[in-house]
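User: Hi, could you walk me through a few spots in this model? I'm new to reading structures.
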Amino acid sequence: MLIEHLSCRLRERDAQSLRRRRRIAESACSAHQRVSAEGCQGREMLAFCSNDYLGLANHPALIDALAEGARRYGAGSGASHLISGHSRAHAALEEDLAAFLAPCMPNAKAMFFCTGYMANLALLGALGDASATIFADKLNHASLIDGALLAKAPMQRFAHRNLQVLASQLERCATPIKLIVTDAVFSMDGDLADLPELLALAERFDAWLIVDDAHGFGVLGRRGRGTLSHFALSSERFIYMGTMGKAAGVGGAFVLAHSTVVEWLIQTARTYIYTTATPPAIAHALRSSLRLLGGDEGDRRRAELMALIGLLRRGLQALIAAHPSLEWKIADCATAIQPLIVGDNDAALALSAALESQGLWVPAIRPPTVPRGSARLRITLSAAHTRADVQRLMEGLELAARMFR
Ligand SMILES: Cc1ncc(COP(=O)(O)O)c(C=O)c1O
């Protein structure tokens with residue numbers, strides 16, 4: 001019965017063009033990757049889909065640091081953090097992170113998690129008790145939504161970036177604790193939350209601001225300190241989450257917050273307590289990553305990335321202007337995430353397939369990851385790309401546009 005039920009549901013997904021298929025990356029994450037699909041030979045592709053924004057995932061210094069970390073601390077942590085898995089490498093990374101972000105959150109403490117998904121479940125589950133209300137932007141990442149669903153606190157969602165609605169929700173709220181939750185850079189749209197206004201609302205209504213900076217940390221702000229730095233904000237009201245598998249090029253995530261919040265998470269966060277600690281070698285490699293992204297090399301890579309973003313946006317604007325009948329849209333954002341919104345699921349899949357046939361890897365993103373009717377190509381750029389790579393993507397899109405018009 002179960003198998004029939006699931007087969008039927010899978011067929012429904014097929015009918016709506018919603019079935020997802022995995023590709024197999026045969027080589028390291030980089031702009032040019034060898035990729036295969038089930039049953040197909042691998043081939044070289046030019047990829048515009050990773051979140052490796054600074055091109056650090058395959059950096060020799062990080063590969064060396066990972067190997068050195070493994071030699072020093074072994075392959076695995078052996079236990080959860082509260083038993084015996086919390087190594088010197090984890091502790092040192094947390095200190096480095098707190099020092100790096102001190103200009104934005106002076107007295108905060110850092111806590112390292114296995115993944116950003118787990119950090120968000122931890123945050124909302126541990127802070128969202130019955131005395132709290134969670135206020136969440138409708139386009140927040142799935143991990144924040146899932147965290148809120150696990151919490152005892154009720155969740156109120158506000159339309160994307162609609163702070164008027166949020167203000168009236170906060171005004172009516174009777175619980176003593178109010179948690180405003182937002183992506184800093186929205187993961188499928190690439191636009192920024194209005195953090196200065198959100199902080200003003202948090203101050204006005206005595207709320208806390210949980211900021212998920214998965215796509216801003218390492219990319220935006222002075223020395224890559226992220227979206228708080230981009231807006232030159234500093235406040236004790238922030239509860240900041242950054243991931244280390246994107247711009248930092250390795251994996252894992254951290255929460256940076258008031259020391260009492262961090263202590264509460266250590267005591268109660270289920271995704272921290274009931275899981276084996278990340279291998280210490282990863283934490284060791286992340287210390288090198290932090291030095292790279294916070295140094296001159298990071299600045300150089302960020303400048304190159306920004307130049308590529310400008311080039312791509314100009315190309316996309318010209319493409320859309322040349323093919324108005326397609327009704328493609330781009331978002332108003334200057335980040336490394338540049339969605340090309342085509343609307344229909346089939347159209348997004350066909351466009352992605354047309355690019356794939358030209359050796360370009362740009363996956364189609366469909367509901368429920370994005371709202372119905374807004375299927376898109378999520379084009380992501382990396383400092384590992386060259387201008388010629390972006391040019392090749394534009395030529396591929398132009399060819400596809402002519403096919404579809
Ligand atoms: C906005 C946002 N938050 C959290 C996460 C989860 O982070 P991680 O991949 O480290 O689990 C992602 C990742 O994909 C994300 O885009």
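User: Which residues does Arg-302 touch, not counting residues up to four places away in sequence?
Analyst: Keeping in mind that this is a predicted model, Arg-302 touches Leu-54, Gly-218, Val-219, Arg-223, Gly-224, Leu-293 and Gly-295, with residues up to four places away in sequence left out.

User: Is Arg-302 buried or exposed?
Analyst: Arg-302 is buried, with a relative accessible area of 6%, and this residue is found in helix H13.

User: How do the axes of H13 and H15 cross?
Analyst: The axes of helix H13, residues 296-322, and helix H15, residues 387-404, come within 10 Å and cross at roughly 20°, which makes H13 roughly parallel to H15. The crossing of the two helices is right-handed.

User: What kinds of residues make up the contact of H13 with H15?
Analyst: They divide into 11 nonpolar, 1 polar and 3 charged; among them are Leu-308 and Gly-315 in H13, and Arg-387 and Met-394 in H15.

User: Switching topic, how many aromatic pairs does a search of the whole structure find?
Analyst: The search finds 4 aromatic pairs, and one of them joins Phe-217 and Phe-254 in an edge-to-face arrangement, 5.1 Å centre to centre with 70° between the planes. Phe-217 lies in the loop between strand E8 and helix H9 while Phe-254 lies in strand E10, so the pair ties together parts that are 37 residues apart in sequence.

User: And which residues form one aromatic cluster with Phe-254?
Analyst: Phe-100, Phe-217 and Tyr-240 form one aromatic cluster together with Phe-254, and both Tyr-240 and Phe-254 are buried.

Note on methods. Residues are numbered from 1 along each chain as its sequence is written. This is a predicted model: local features need pLDDT of at least 70, side-chain atom pairs count only at pLDDT 80 or more; totals for chains, interfaces and linings use all residues. Side-chain values use heavy atoms; hydrogens and water are left out. Axes are lines fitted to C-alpha atoms, for helices over the stretch in contact, and angles run from 0 to 180 degrees between N-to-C directions. Helices (H or I, at least four residues) and strands (E, at least two) are DSSP runs, numbered from the N terminus. Angles under 35 degrees count as roughly parallel, over 145 as roughly antiparallel, 65 to 115 as roughly perpendicular and the rest as oblique. A crossing is left-handed if the near helix is turned anticlockwise from the far one by less than a right angle, and right-handed if clockwise. Contact means heavy atoms within 4.5 Å. Ala, Val, Leu, Ile, Met, Phe, Trp, Tyr, Cys and Pro count as nonpolar, Asp, Glu, Lys and Arg as charged, and the others, Gly among them, as polar. Buried means under 20% relative accessible area, exposed over 50%, partly exposed in between (1.4 Å probe, protein chains only). Rings of Phe, Tyr and Trp (its six-membered ring) pair if their centres lie within 6.5 Å; planes under 30 degrees apart count as stacked, over 60 as edge-to-face and the rest as tilted.
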